[in-house]
Amino acid sequence: MRRFVMLLLFLAVAAGLLAARRRFVVVQVAGTSMVPTYQPGDRVLLRRGGRVTLRRGQVVVFRRVQPDGARSSGRDLRGTEWLIKRIAATPGDGVPAEVAARVQAGPDDVVPAGRLVVLGDGPISRDSRHWGYLPVNEVLGVVVRRLS
């Protein structure tokens with residue numbers, strides 16, 4: 001009986017770890033586009049997609065989008081180029097002035113459904129000012145906290 005209880009406990013812990021691994025991921029920051037918030041080499045904990053509600057001000061990690069809107073190849077973590085930026089506008093928000101020309105938006109236009117505007121915190125950043133809207137489905141997750 002004791003062995004059975006231990007086995008059940010082990011299986012419960014293993015299932016919990018597996019669920020946490022699918023829900024959370026650790027990413028290392030490369031580049032300076034988020035300085036001073038995140039430095040190159042910082043490690044951050046992400047809460048992966050699911051039913052996450054994206055809000056203005058959150059920092060997200062997403063699959064790199066080409067200037068022509070094409071995706072980078074692959075969907076696995078290792079074979080894809082991931083970027084980290086802050087959400088500046090969500091669907092229904094007004095298009096930020098610094099992005100309006102790139103997305104050909106007028107003064108009263110709003111960010112369309114399924115799209116985000118993302119900007120780096122640093123003075124030098126390749127972001128929505130260069131390639132326009134980010135499709136929401138390219139977001140891997142939201143930064144929960146810095147680990148290092």
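A residue is buried under 20% relative accessible area, exposed over 50%, and partly exposed in between. The structure is a predicted model.

**Exercise 1.** Determine which parts of the chain the salt bridge of R63 and E138 ties together.

*Solution.* Step 1: the N to O distance in this salt bridge is 2.5 Å. Step 2: R63 belongs to strand β3, whereas E138 sits in the loop between β6 (134-135) and β7, so the pair joins parts 75 residues apart in sequence. Step 3: R63, at 4% relative accessibility, counts as buried; E138 is buried as well, with a relative accessible area of 2%.

**Exercise 2.** Is D93 buried or exposed, and is R56 buried or exposed?

*Solution.* Step 1: the side chains of D93 and R56 meet in a salt bridge of 3.0 Å, N to O. Step 2: D93 has 14% relative accessibility and so counts as buried. Step 3: R56 has a relative accessible area of 55% and is therefore exposed.

**Exercise 3.** Assign the geometry of the aromatic pair F62 and W131.

*Solution.* Step 1: the ring centres are 5.9 Å apart. Step 2: the planes stand at 65°, so the pair is edge-to-face. Step 3: F62 and W131 are both buried.

How values were computed: Residues are numbered from 1 along each chain as its sequence is written. This is a predicted model: local features need pLDDT of at least 70, side-chain atom pairs count only at pLDDT 80 or more; totals for chains, interfaces and linings use all residues. Side-chain values use heavy atoms; hydrogens and water are left out. Rings of Phe, Tyr and Trp (its six-membered ring) pair if their centres lie within 6.5 Å; planes under 30 degrees apart count as stacked, over 60 as edge-to-face and the rest as tilted. Buried means under 20% relative accessible area, exposed over 50%, partly exposed in between (1.4 Å probe, protein chains only). A salt bridge is a side-chain nitrogen of Lys or Arg within 4 Å of a carboxyl oxygen of Asp or Glu. Helices (H or I, at least four residues) and strands (E, at least two) are DSSP runs, numbered from the N terminus.
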